[in-house]
Amino acid sequence: MAEVSIEKLATDIGTTVDRLVQQFKSAGIVKAAGNDVTEDEKRVLLDFLSKQHGGTGSEAPKRMTLQRKTTSTLSVGKSKAVTVEVRKKRTYVKRSDVEEAKMAEEEAKRLAEEQQAKLEAEKQAAEKAKAAAEEKAKAAAEAKAKADAERAARAEKAKEARAAEESALSPEEKAEQEATRAEAEKLRKVQEEEIQRKLEEDAKKAAEEAKKLAEENSRRWKEEEERRKKEEKEEVHVHSNRYAQEAEDADDIKTELGGRRRKKSKRNAGSDLKHAFNKPAQPVERVVRLGETITVSELGSKLAIKATEVIKTLMKMGEMVTINHVLDQETAVLVVEEMGHKYELVNDNALEDELIADATGGKKASRAPVVTIMGHVDHGKTSLLDYIRRAKVADGEAGGITQHIGAYSVETDSGRIAFLDTPGHAAFTAMRARGAVATDIVILVVAADDGVMPQTKEAVQHAKAAGVPLIVAVNKIDKEAADLDRVKTELSQLEVISEEWGGEHQFVNVSAKTGQGVDELLEAISLQAEVLDLQAVPSGPAKGIVIESRLDKGRGPVASVLIQEGELRAGDIMLCGEEYGRIRAMRDENGKDVKVAGPSTPVEILGLSGVPIAGETAIVVQDERKAREVATKRHTKQRELKLARQQKAKLENMFANMEAGDVSELNVVLKADVQGSVQAISESLTKLSTDEVKVNIVGSGVGGITETDASLAAASGAIVVGFNVRADASARKVIDTEEIDLRYYSIIYQLIDEVKQAMSGMLAPEFKQEIIGLAEVRDVFKSPKIGAIAGCMVTEGTVKRSSPIRVLRDNVVIYEGELESLRRFKDDVQEVRNGVECGIGVKNYNDVKAGDQIEVFETVEVKREL
């Protein structure tokens, strides 16, 4: 069982040794700083820490506690300050699926009860309105009966009066009066009929409105009941805004009541017509199509609202944005949902998918294997490949290390094999990962005299991650220090076990120097390829992966492409990531022109619009216009995504940067010969950044150093680094004029070391106090001018008059200051050495006593390193 020391475990997990020992103690395991830790003890500690956060050991934690501490200083008066520390603690508890389902069921039940209560209230209001209409009609009938009785009484009295008058009138007057009375009676009957008709119409309309309102409420009640039953049956979780629904229902009721009032007012007002704007009864719900990115102004346009409303919503969500801010898809979805609208995610890559679909299809046939040689630096990867190719590549590489991915096609007795040679230095992690992804078989080269090293472990991890079979080539077996059993033992700890030991990995002992075992290695490759049964489409549009790319001064962008399917011919239109173009020429690894390249063939192609990013997929398409459109869209999308990430990082780190204070930055303009080197150097330099000094790569690219690069370096105060490239005449002129620091390198670890030294020089200096002398007070004399004079004997070092001092009593500092005088007999002196008596006057301090010690020290600047 593998054991590891406490110090190594603390370094791996990024904590201190004392804290780790305390955690082990809390878990019931007593450990000291120098002890070893077994796997079982690690597991016990992990379960203990998991349970502390609400987990059950192996399960994921169900409770997470976050603590945040902020410190601020309050000034009290002129010279006093109080430090205030605020601690915030928040615990998040993960609910179980049963609780989530129960909560959702309770929420649905509560919404249904509220809706039912609302509809009951509407039903009661309709019944009240109907009852009021019936009472109104009844009152109208009673008023009519009373009016008829009064009218009959008045008519009886008028009849009696008329009889009395008629008895006193002449016949002519009686006839005239009778005619007038008949006309008045006729007019009265017409008026009564009109009033009665109006009353009946009003009562009839009120009853109809009450009936219509009751029917409407009943219909809505049935629809709501059916909808609720349907939702319960399908168990659909509807995301709705309860407050918006209530407002909508209230608006519906107001609209109905307002409609009745407007009808009455129109009847009363007659022809008094007036145009008015009516607010919509319910908010408009829009469906917004969202791509991977969208600006704030575009989102406002799609929602048909002002951009300021979108900005307000984002500010409420804690995002400080402007109208031109680029939002990523996740943020845009949250904004749309927050504003009560729906969204639809669209695929921006529809045209791209169409091109890729057109380029696929066909009958498969067997193909040659693609073999990647991986391993630690200087273990003989390239030398082994040289022996197979009968070439000398390693001798021509700077520092004897591979700094590019080399792709070679080799004809062997077992058939054709495509080899990829990857770098072994720590800076080339991305290149090794890219090589493992593009390969069928990985040859792990391990030096027999050196064993397993850091990059060896990393190569095993890359091969396992890519799911690629591994063949171990134990190199340098011709050396005296070769130990084959040691190599097998160390690899078995990485779960790479030889077939002799019952594993599944082939181990082949080889010597790249003498050629011993190379034939056995090629046979092992052929055997593994036969087991894998590698196949590809031999004809049709080609598809591959960009292994490496660079900018050639005479030929333009050059890309090394490994063809995986189909045939690539000169004149084909190829799309590589953000670049495209018609292939002008193809060459193999020896520089010879190639007419056709089939599966498992590495070639160099010319004619692309720019230098593609290494690792991109390269496909042949039929339509150059579509290829240009896809490349432009990819470039725009990449730029927007990069801008969105930068803005998000700026906003998230704004307060952290304010608290951190000033951080020194080393700006670098980086140019290299190939794209892979740019990636490797950029990652390595970025990893050097610390809390105090940060490496900021303001510009990078493939090709020589141009005047634009020099101007960028002058504007940003950057150093210019050239890796296997040189500056042209115009760039050198700007560099000399602006006095820019220009460095050329051909070996990557020299570049990293020098940048590290430059960063060390930017660190804030540290100051250390060194004791240079110690004097013991033997007696104290009084001086009228100076005060207390200490008669001392210098016991250690030298006492200097210009240096600061401390007065110690019983080894406790009681005063810190400086010397006012230093005398030897009656003469003032600058320094007194060890074993010599002197008189010392301490400035502004008279409480010196016999037996005290006077300590003289100096403040020394200590150089810091990363």
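1. The model is a predicted one, and I begin with its open sheet, in which 7 strands follow the order 21-20-25-17-18-24-22 with antiparallel pairing. Strand 21 (579-582) and strand 22 (585-587) stand at the edges and have a single partner strand each, so that one side of each is left without a neighbour in the sheet. On average, and with direction ignored, neighbouring strands of this sheet are turned by 35° against each other.

2. A parallel pairing is found between strand 26 (residues 664-672) and strand 27 (residues 693-702), which are joined by 9 bridges. Here Ser-664 stands opposite Val-693 in strand 27. Strand 26 is mostly covered, given that 7 of its 9 residues are buried.

3. Turning to the helices, the axes of helix 2 (residues 17-26) and helix 3 (residues 39-52) come within 9 Å and cross at roughly 80°. Since angles of 65 to 115 degrees count as roughly perpendicular, helix 2 and helix 3 are therefore described as roughly perpendicular to each other.

4. Which residues of helix 2 and helix 3 meet? On the side of helix 2 they are Leu-20, Gln-23, Phe-24 and Ser-26, and on the side of helix 3 they are Glu-41, Leu-45, Phe-48 and Leu-49. Sorted by class, this contact of helix 2 with helix 3 comprises 5 nonpolar, 2 polar and 1 charged residues.

5. As for aromatic rings, the count comes to 1 aromatic pair when ring centres are required to lie within 6.5 Å. The pair is formed by Tyr-815 and Tyr-845, with 4.5 Å from centre to centre and 10° between the planes, and it is classed as stacked, because planes under 30 degrees apart count as such.

6. Where in the chain do Tyr-815 and Tyr-845 lie? Tyr-815 belongs to strand 34 (residues 812-824), whereas Tyr-845 is in the loop between strand 37 (837-842) and strand 38 (853-862); the two are 30 residues apart, and the pair thus links distant parts of the chain. Both Tyr-815 and Tyr-845 are buried.

How values were computed
Residues numbered from 1 in each chain as written. Predicted model: local features only at pLDDT ≥ 70, side-chain atom pairs only at ≥ 80, totals over all residues. Heavy atoms only, no water. Pairing = 2+ DSSP bridges. Helix = DSSP H or I, 4+ residues; strand = E, 2+ residues; numbered from the N terminus. Axes fitted to C-alpha atoms, helices over the stretch in contact; angles between N-to-C directions. Parallel < 35°, antiparallel > 145°, perpendicular 65-115°, else oblique. Contact = heavy atoms within 4.5 Å. Nonpolar A, V, L, I, M, F, W, Y, C, P; charged D, E, K, R; others polar. Phe/Tyr/Trp six-rings, centres within 6.5 Å; stacked < 30°, edge-to-face > 60°. Buried < 20%, exposed > 50% of the residue type's maximum accessible area, 1.4 Å probe, protein only.
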